[in-house]
Amino acid sequence: MMLRSLVQRSSKRPCYLLTRSTRQSHSIRCLSQTAASQVFNPDDMAKTKVENIRNIGVSAHIDSGKTTVSERILFYGGRIDAIHDVKGKDGVGAKMDSMELEKQRGITIKSAATSLIWKGNQLNLIDTPGHIDFTVEVERALRVLDGAILVLCASSGVQTQTYTVLRQMKRYNVPFITFINKMDRYAANADRTIQQMRDDMGLNAAFLYFPIGAERTFEGIVDVLGERSVYFEGANGEDVVYKDIPTSLEGELITKRLELVESLSNVDDEIGEMYLMEENISNSDIKSAIKRTVLTQNFTPVVAGSALKNKGVQTLLDCVNTYLPNPSEVDNYAINAVTEEKVLMSSERSLANPAVGLAFKLEESPYGQLTYIRMYQGCFKRGSNMINTRTGEKQRVPRLVLMHSNETENVTAAYSGDIVAMIGATCASGDTFVDAKTPKNDIVSLESMFIPDPVISMAIKNIHHKDDDKFSKALARFVKEDPTFRSIFNPENKEIVISGMGELQLDIYAERIRREYDCEVKLGEPTVNYRETLSDAVDFSVTYKRQSGGRGQFGEGYGEIEPLEDANAEVEFVNAVTGGMITSNFIKSVEKGVREATKEGALTGHKISGIRFILRGGRTHNVDSSDWAFSRVGYYAIKEHFVNKATVLEPWMEVEVTAPKDLSGDVIQSINERGGKMKDLDIQEGLCHVTASAPLQVMFGYSSYLRKHTSGMGSFTMEFSQNKPVELHMQDQLIATYRESKAYKNQQASGIGV
C-alpha cells in the first residue's frame with residue numbers, strides 16, 4: 001500500500017510530509033559493535049577535530065535506568081567487554097558505579113566520567129546521580145557539558161527529580177535528547193510519557209523513534225524519518241537490523257511524522273514557512289530543523305527503548321552524533337578580571353589562544369587531589385605553567401589524565417573542548433585556571449556552578465577519641481569535595497553539626513567515614529541552642545564571705561538585673577558604682593563573674609542573653625577582699641537572683657517553602673501544625689511560595705516530610721530570625737531534663753550509685 005495515499009486519507013494537510021511513496025521489502029543487518037564503534041585511544045585525543053567531539057551527560061530521576069543506559073553506551077562504544085548488573089549481583093557491577101556503596105544500594109552517589117568513540121565522534125560522557133540529595137553532582141556536570149540525555153521511565157513517566165534536572169538544564173542552557181527507557185516494564189506507555197513531557201514539563205517534544213509494542217511485547221522501534229522498523233538482535237543487542245514497518249503501524253507512523261513536523265513548524269521559521277506553503281519537506285530539511293531547534297532548546301527529540309533489554313541505545317547514540325552540539329556550536333563566555341566584560345572563548349583546538357579551564361569537581365585519590373577540568377580555550381600541556389585566577393597562585397600543570405570511571409589514562413595535553421583531570425593541582429571547586437603567560441589585563445574567570453544551600457543538619461560524633469584525627473581528616477576531605485556538605489563545631493553544645501541536601505546524603509557520608517577511615521561515628525539530631533533571659537527586672541544583693549582560719553574572702557555588691565528590648569543581645573554590664581565604694585579592679589572581677597555565670601543559665605543550663613547587669617554599690621574589706629571574692633558576687637547574683645524572673649527562649653526560623661500550587665493548603669497546614677506562623681503566600685508559574693516563621697525544634701525532619709507529601713517536588717530553606725519564649729510546658733520539660741542531667745553528673749562525680 002502506498003504511504004502517500006495513507007497520509008492523504010488520515011489528514012487534510014500531510015500529503016507532502018513523506019518522501020517515500022511505496023513500501024519496499026528490505027532487511028538490512030548492521031553489526032554495531034564492529035562497524036559503528038572503534039577502540040578509543042587516549043593518544044589520539046589531541047588529533048580529534050572539534051566538530052567530532054560531544055560532551056554529554058546522562059541525567060534522570062532515580063531508578064529510571066540511567067546507569068544501565070550508560071553501561072550499554074560503554075559496551076556498544078567498545079569501552080567495556082561485557083555488560084554487568086547495576087546492583088553488582090554478578091560480583092562486578094556497572095562500570096560507572098565504582099564505589100562499593102553504589103553497588104550495594106543500587107544508586108549512583110557521585111558522577112563519573114569516561115570517553116568513547118561512536119561512528120567517528122569522541123563522546124566525553126558523565127553519568128550523574130538521580131537522587132535529589134546528590135543534586136550538586138548534576139549541577140557541576142551540566143555546568144561543563146554541551147548536551148545531555150534525559151532518561152525517563154516509560155512506566156513511571158515524568159517524576160519529581162525530572163523537574164529538577166530540567167531546571168538545571170535550563171540554568172546552563174544545555175540542549176538535550178530524551179530517552180524513554182524501560183519499554184519492557186509493566187505499565188510502560190511511551191505515548192503517555194511524551195504527553196506528560198508536553199503538558200507537565202512544557203516541552204515541545206516529538207518522537208524520532210517510537211516503540212513497537214510495550215511490556216512483554218516490546219520488540220523494537222520505528223524510525224519516523226527512515227520509515228522503517230529497527231530491531232536489536234544478538235546476545236546483547238549488538239546486531240542492529242532494519243526492516244519494513246509492520247502494516248499495523250503504518251497509520252501510527254504517519255501520525256508521529258505529522259506530530260514531528262508540526263512541532264518543528266511551531267518553533268522553526270524555515271519549516272514553518274514550508275508547512276504553511278504546503279511545500280515538500282524532505283528528511284534533510286527536518287534533520288536540519290531538529291538540529292537548529294535542539295541547539296536553541298526549543299525542541300526535544302524523543303527516542304524510545306529499553307536499555308536493560310538492549311534495545312534502542314545505538315539509535316540514541318546516533319541522535320547524539322546528529323543533533324547534540326559540538327563545542328564550537330556553543331558560545332561560552334568568561335569575565336575579564338580587570339574590565340569585568342564578557343569574553344567569548346575560542347573553541348579552536350590549538351595553541352593560538354591562551355589556555356582557560358574550569359575546575360568543576362574534586363576528589364581524593366591515592367596520588368593526591370584529583371581535579372576534573374573542562375577546557376574552554378587553548379591548551380594545557382603537562383609541565384607548563386598556569387595561574388589560579390581566584391588565588392593568583394602560579395602552578396605547574398601536573399599529571400594530566402582521562403577518566404574512565406575510577407581508572408585513569410595518561411595524556412600529555414588537553415585542548416579546548418576536552419574534559420580531563422589533573423592529579424596534584426591545588427584549587428577549590430569552581431576555580432578557573434589560565435595560562436601563566438596570559439597578560440594581566442587579559443586574565444579571565446569562568447562562571448562557577450550554582451550551589452544550593454543545605455536543607456538538613458544532624459549532629460555527628462566519633463565513638464572513640466583515638467579516632468579524632470581520622471574523623472577530622474574525613475570531614476575536611478568531604479567538605480572540600482562536596483560544596484553542599486558543611487561541617488561546623490558548635491562551641492556552646494560542644495558538638496559537630498553536619499549539613500547537607502538530605503538524610504540520605506548525610507547517612508552516606510557517615511557510612512563512608514566508617515568504611516574508608518575505619519572510624520565509627522553516630523548521627524543524631526543537633527542540640528537546639530536555647531537561651532535564658534529575664535521576663536522582668538530583679539534586684540540583687542550578694543555578700544560573699546568565707547573564713548577558714550587564715551585570711552578570708554569577702555565581697556559585697558548590690559544592684560539590679562533588667563531585660564533588654566532585644567532578647568537576642570549579648571549581656572551588658574553597667575558600672576553605676578559611685579563614691580568609690582568598690583575599686584575598679586574589683587568591679588572588673590564582678591563583671592568576670594557575671595560573664596562566667598551567663599555561659600550556663602540556672603534553669604536549663606543554656607547561655608543567658610538579653611539582660612543588662614547594673615552594679616550600683618557594695619563593700620570591701622581591707623584584708624579579706626580579693627578578685628576571687630568579687631567574681632563570686634557577680635556569679636551568685638546571676639545564679640541566685642536571675643532565676644526568680646527567668647524564662648527560656650527558643651530559636652525561631654524564617655522559613656520559605658516552595659511546592660506545586662495545588663499543594664499550598666497542605667504546606668500551610670504543615671506549618672500551622674508545627675506551631676508556626678504564616679506570613680505570606682505567593683503563587684507564580686504553577687508554584688506556591690510560602691513564607692512563615694516556626695520554632696527550630698519542630699523543623700527537624702521537615703525536609704523528609706515535605707518530600708514525602710509533595711512527591712519530592714517541594715523544597716524549603718530556613719535561616720535564624722530571633723529567639724522567642726518557649727511554651728510553659730516546654731520550659732518545664734527543659735528544666736526537668738536539665739536537673740536530671742545535673743543530678744546524674746553530680747552522682748558520677750561523687751561516686752554515689754556507680
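Reply: Phe478, Phe485, Tyr509 and Tyr517 form one aromatic cluster. This is a predicted model, in which local features need pLDDT of at least 70 and side-chain atom pairs count only at pLDDT 80 or more, while totals for chains, interfaces and linings use all residues. Residues are numbered from 1 along each chain as its sequence is written, and side-chain values use heavy atoms, with hydrogens and water left out.

Let's start with the rings. A pair of aromatic rings is described by the distance of the centres and the angle of the planes. Rings of Phe, Tyr and Trp (its six-membered ring) pair if their centres lie within 6.5 Å; planes under 30 degrees apart are called stacked, over 60 edge-to-face, and the rest tilted. That rule gives 11 aromatic pairs. One of them joins phenylalanine 478 and tyrosine 517 in an edge-to-face arrangement, with 6.3 Å centre to centre and 90° between the planes. Phenylalanine 478 belongs to helix α12 (residues 468-481) and tyrosine 517 to helix α13 (residues 503-517), so this pair ties together parts that are 39 residues apart in sequence. Helices (H or I, at least four residues) and strands (E, at least two) are DSSP runs, numbered from the N terminus.

How buried are the two partners? Buried means under 20% relative accessible area, exposed over 50%, and partly exposed in between (1.4 Å probe, protein chains only). Phenylalanine 478 is buried at a relative accessible area of 0%, and tyrosine 517 also counts as buried, at 18%.

Phenylalanine 586 is buried at 12% relative accessibility, and phenylalanine 630 is buried at 0%.

An open sheet of 4 strands runs in the order β26-β27-β25-β28, with antiparallel pairing. The edges are β26 (486-490) and β28 (521-524); each has a single partner strand, so one side of each is left without a neighbour in the sheet. From one strand to the next, the twist averages 30°. Two strands pair if DSSP finds at least two bridges between them. Strand β25 (residues 456-462) and strand β27 (residues 495-500) run antiparallel and are joined by 5 bridges; among the bridge partners, alanine 459 has valine 497 in β27.

Helix α12 lies across β25, β26, β27 and β28, at about 155° to β25. Helix α13 lies across β25, β27 and β28, at about 165° to β28. For these angles, axes are lines fitted to C-alpha atoms, for helices over the stretch in contact, and angles run from 0 to 180 degrees between N-to-C directions. Contact means heavy atoms within 4.5 Å.

Rings also meet charges elsewhere in the model. A charge sits over a ring if NZ of Lys or CZ of Arg is within 6 Å of the ring centre and within 35 degrees of the ring normal. Arginine 632 lies over the face of tryptophan 628, at 4.2 Å from the ring centre. The charged end of arginine 228 sits over the ring of tyrosine 242, 3.9 Å from its centre.

Finally, a word on the nonpolar cores. A nonpolar core is a set of buried Ala, Val, Leu, Ile, Met, Phe, Trp, Tyr and Cys residues joined through side-chain atoms within 4.5 Å. The largest has 110 residues, and those with the most contacts inside it are Ile149, Met197, Leu260 and Ile290. Strand β7 (residues 205-212) gives the largest share of this core, 7 residues. Leaving aside neighbours within four places in sequence, leucine 260 is in contact with residues including Ala206, Phe207, Leu208 and Ile290. There is also a second, separate core of 51 residues, which includes Phe613, Val633, Phe642 and Phe716.
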